[in-house]
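This briefing covers a strand sheet and a helix pair. Have the structure open while reading.

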Amino acid sequence: MKKLFYLFTLFTICLNAQIVNLKILDLSDNLPLDDADIYFKNSTKNFVSDQEGKAVVDLSNVTQNDELIVSKKDYQDAIIKVSELKPEMIIKLEKVSEVELKEAFVTNLKAEDILQKVIENYDKNFNIEQYYFLVNFQQDLLFNNNERDFIDADLQFKFKRGDLKIKSKGIVNNEIKSGREPNSNIRLIYYLESIYLKEKYIKQFVYLLKEKKYEESNLSLTKYGDSFVYEVTIKTKSRDVFLTIDKDTFAVVEFYWETTIPETKYSENEFLREAKVVYKYRPHNGNWLLKETSAIWNTTYEKDDEKTDLDMNFSIIVNDYNTQPFSEFNKSVNEKMDIRRSFK
């Protein structure tokens with residue numbers, strides 16, 4: 001049975017009724033919970049708590065009979081009617097009972113069996129082509145530790161199988177320019193091509209498990225909101241992999257991949273020093289939709305006898321999505337080139 005614990009802290013100052021300031025805490029120790037998912041049962045808006053457990057929730061275009069849901073893996077959901085929201089709220093989440101998890105974890109499936117079922121159900125679960133995603137995109141490039149290129153822009157993504165179309169409003173929220181000409185190595189498509197996890201990653205992991213080409217593999221069970229989820233961990237000599245998978249649908253809920261061997265040769269003149277890729281999804285109408293993705297890709301490459309350290313950091317956070325395009329996003333972005341070219 002779900003338990004919901006929350007405190008209301010009301011300020012005498014009249015705050016904007018369209019904004020709710022939340023703070024998400026652990027019930028047992030009152031410590032802040034970061035990366036908690038905050039969304040509505042019917043509205044498509046997404047919010048995430050920061051390292052202090054704080055989140056600012058925009059209620060514009062949200063109906064009074066909707067419900068606000070606060071979710072975090074390993075914790076019980078908090079569900080609050082929109083009509084009961086206050087300008088300032090503290091919400092405390094309770095951890096999932098170990099007894100409940102032990103009782104639910106009855107399976108003869110192995111990690112490779114679960115990943116194989118992910119592949120078999122992937123096309124049905126990864127049904128995102130009907131949506132337009134409104135995202136905040138940030139790309140941060142650091143050359144030789146002293147020259148920085150940074151861009152922060154709101155974009156519209158439209159996925160098609162094996163393809164991605166991006167549009168913008170033609171403006172950026174913030175940018176820092178180093179003066180360097182965009183390098184051909186910096187292409188958004190390299191990062192986004194792995195959005196289809198089945199082809200890029202999961203088939204490889206099934207092979208590793210079946211052929212026992214790993215150093216460690218673990219399978220456990222926890223909970224995300226109403227759903228029980230498998231946690232699969234695979235460690236090899238060169239990388240660590242972590243997947244969270246919905247127990248009923250075998251949809252990917254969370255994916256994390258990290259290299260563990262530095263100075264790996266990536267191409268003829270490029271060495272990979274560090275790489276991390278993360279994908280996270282949120283529940284919506286019985287399915288899981290992309291919530292956010294981030295990547296660190298640090299390389300050293302040589303061009304014209306010049307050696308360059310390039311540290312790349314990408315972040316994409318989905319703020320909203322709709323079956324219809326967002327009208328203000330009407331300028332095409334060439335996703336196959338450096339995204340900075342689209343805002344010159």
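Two strands count as paired if DSSP finds at least two bridges between them. By that rule, strand β6, residues 67–71, pairs with β7, to which 4 bridges join it. The model shown here is predicted.

**The sheet**

- Strands of a sheet pair through backbone hydrogen bonds, either parallel or antiparallel.
- In this model, 4 strands form an open sheet in the order β4-β3-β6-β7, and the pairing is antiparallel.
- The edges of the sheet are β4 (46–48) and β7 (78–81), each of which pairs on one side only.
- On average, neighbouring strands of the sheet are turned by 20° against each other, with direction ignored.

**The β6 and β7 pair**

- β6 and β7 run antiparallel.
- E67 stands opposite K81 in β7.

**The helix pair**

- Two packed helices are described by the angle between their axes and the distance between the axes.
- Helix α2 spans residues 111–125 and helix α4 spans residues 197–210; they pack at an angle of about 155°, and their axes are 9 Å apart.
- Angles over 145 degrees count as roughly antiparallel, and α2 and α4 are therefore roughly antiparallel to each other.
- The crossing in which α2 passes α4 is left-handed.

**Residues between the helices**

- On the α2 side, the contact residues include L115, V118, I119 and Y122.
- On the α4 side, they include I202, F205, V206 and L209.
- Charged residues also take part, among them E112 and D123 in α2 and K198, K203 and K210 in α4.
- The residues of this contact divide into 10 nonpolar, 1 polar and 5 charged.

Note on methods
Residues are numbered from 1 along each chain as its sequence is written. This is a predicted model: local features need pLDDT of at least 70, side-chain atom pairs count only at pLDDT 80 or more; totals for chains, interfaces and linings use all residues. Side-chain values use heavy atoms; hydrogens and water are left out. Helices (H or I, at least four residues) and strands (E, at least two) are DSSP runs, numbered from the N terminus. Axes are lines fitted to C-alpha atoms, for helices over the stretch in contact, and angles run from 0 to 180 degrees between N-to-C directions. Angles under 35 degrees count as roughly parallel, over 145 as roughly antiparallel, 65 to 115 as roughly perpendicular and the rest as oblique. A crossing is left-handed if the near helix is turned anticlockwise from the far one by less than a right angle, and right-handed if clockwise. Contact means heavy atoms within 4.5 Å.
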